[in-house]
Structures are given as C-alpha cells and as structure tokens.
Amino acid sequence: MAQRDTLRHREAQNIGRMSTNIRIKKICEFCLQEFTAKKTTTKYCSHKCNSKAYKAAQRQEKIDKTNAQTSRLLTGDLEKITQREFLSITQAGRIFGISRRTIYRLIDRGHLNVAKFGSRTVLRKCDMEAFFAVPIIPQKLEPVQAFPGIEHCYTISQVQAEFNVSPAALYHLLHRHGVIKYCIGKFTYVPKAELDVIFNAVEL
C-alpha cells in the first residue's frame, strides 16, 4: 500500500513538472508584443501590462456609462419626446432627421421661432412640423423634364453634405415637393435650383 502511494506521489510530481515546462508563444493583449506563456489562459506578458489593461478597461467602462447617461439626458425616450410641445435643438434634430447646424441656420434665417428656458434654447414642435409641411410655390419648383446637366445638379451625397440632412429626411423632402431625380450612371442627380429653394439657400 505504501509503495503504491509512493508511485502515485511520484506520478503527480512528474505531471506537475511537465505542466511547468509548457511554453506557448502568445501576443500580449495590451502591448501587442510576443511573449512566452506557461498557460493557455495567459493574456498579458507581464504584471505591468495586466495592471494597465485593467485600468484601461475600468476607464472605458466609466466613459461608456457617462456617454450613455448624457445621451439619455439629451434625447430621452423618443416616444415621450414626440409628445412634448417644446423640444431642445438636439431633440428636434433627432425627431426630424436633420442636424443641429441646419436647425440653427433655419433659426438665423427667421424660419423658426425659439424660446429660452434659462440657458436652454427650445423650439415648438408645431413650428417644426409647420415648416416641413409648408407647400412650396409651384412655379418656383416646376419640375424640369429634361436633364438640366450635371453642372446644374447635386448628387444625393452632395445634398446631404451641403445641407446637413439625413438620408431619411432628404427622401421625404424630395417626395413631398415632387423633385425629379435623374439616374445617370452610378449617381442620382437632383436640380440645384429646386433644392436651393427648398433649403432657402439661393445666393443673393
């Protein structure tokens, strides 16, 4: 019995020695340098990298949490926002699919009235809805049947960049105002004159 226990003890020691002799080439997940590990589960080449990776993960977790809280404070729940009479600039942009820059431009041109609640600038939702629903004078936007030429047109991507409008908002505006789109090769063109009238961007 004693001899059998001794053999088992020696076998266990041999297994332990074999496990400590394992050498695995790995890439440190923090510094991205190659190192030799003794375990398949080892992620970092040193305690220093392990500590730095832990601190970086903690810092990123705090940043993500703060960003999520800020987003909720700025935009809130979309369903609740749409029921409000007054909207912040950010909330209005989210609902109507346009950028803050475009909204401020509409305010500067007198198309939208604003109110101040302390330091906050707010808009009436009905004013936003009215602006996008206002019919454009037909003679100004009379459809051009013949392609006016590339030099007289925007591509869809150029419209989005020029007027800071989302694809969804642009689609609805083109559809609402009956703007003709011309598919030439890989690009879709719309007449500059009609888009300038819609966005009130005609240069004086």
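Cys 45 is partly exposed, with a relative accessible area of 33%; on this scale, buried means under 20%, exposed over 50% and partly exposed in between, using a 1.4 Å probe and protein chains only. The structure is a predicted model, in which local features need pLDDT of at least 70 and side-chain atom pairs count only at pLDDT 80 or more, whereas totals for chains, interfaces and linings use all residues. Residues are numbered from 1 along each chain as its sequence is written, and side-chain values use heavy atoms, with hydrogens and water left out.

**Cysteines**

A search of the whole structure returns 0 disulfides, a disulfide being a pair of cysteine sulfur atoms within 2.5 Å. Cys 45 takes part in none, and the nearest cysteine sulfur, that of Cys 31, lies 3.7 Å away. Cys 126 is likewise partly exposed, at 38% relative accessible area.

**Nonpolar core**

The largest nonpolar core has 25 residues, and Ile 98, Ile 103, Leu 123, Met 128, Val 159, Leu 195 and Phe 199 have the most contacts inside it. Such a core is a set of buried Ala, Val, Leu, Ile, Met, Phe, Trp, Tyr and Cys residues joined through side-chain atoms within 4.5 Å. At least two residues each come from α4 (89-96), α5 (100-108), α6 (125-133), α7 (156-163), α8 (167-176) and α9 (192-198). Helix α8 gives the most, with 4 residues. Helices (H or I, at least four residues) and strands (E, at least two) are DSSP runs numbered from the N terminus.

Contact means heavy atoms within 4.5 Å. Leaving aside neighbours within four places in sequence, Ile 103 is in contact with Ile 89, Ala 92, Gly 93, Ile 98, Leu 112 and Leu 123.

Leu 174 is placed in helix α8 and is buried, at 6% relative accessible area. With residues up to four places away in sequence not counted, Leu 174 touches Ile 156, Val 179, Lys 181, Val 190 and Leu 195. Leu 174 and Leu 195 are 21 residues apart in sequence, with their C-alpha atoms 8.6 Å apart in space.

**Salt bridges**

The count comes to 2 salt bridges, each defined as a side-chain nitrogen of Lys or Arg within 4 Å of a carboxyl oxygen of Asp or Glu.

| Salt bridge | Closest N to O distance |
|---|---|
| Lys 25 and Glu 34 | 3.9 Å |

Lys 25 is exposed at 60% relative accessible area, and Glu 34 is exposed at 55%. In the other pair, Asp 127 is buried at 17%, while Arg 124 is partly exposed at 37%.
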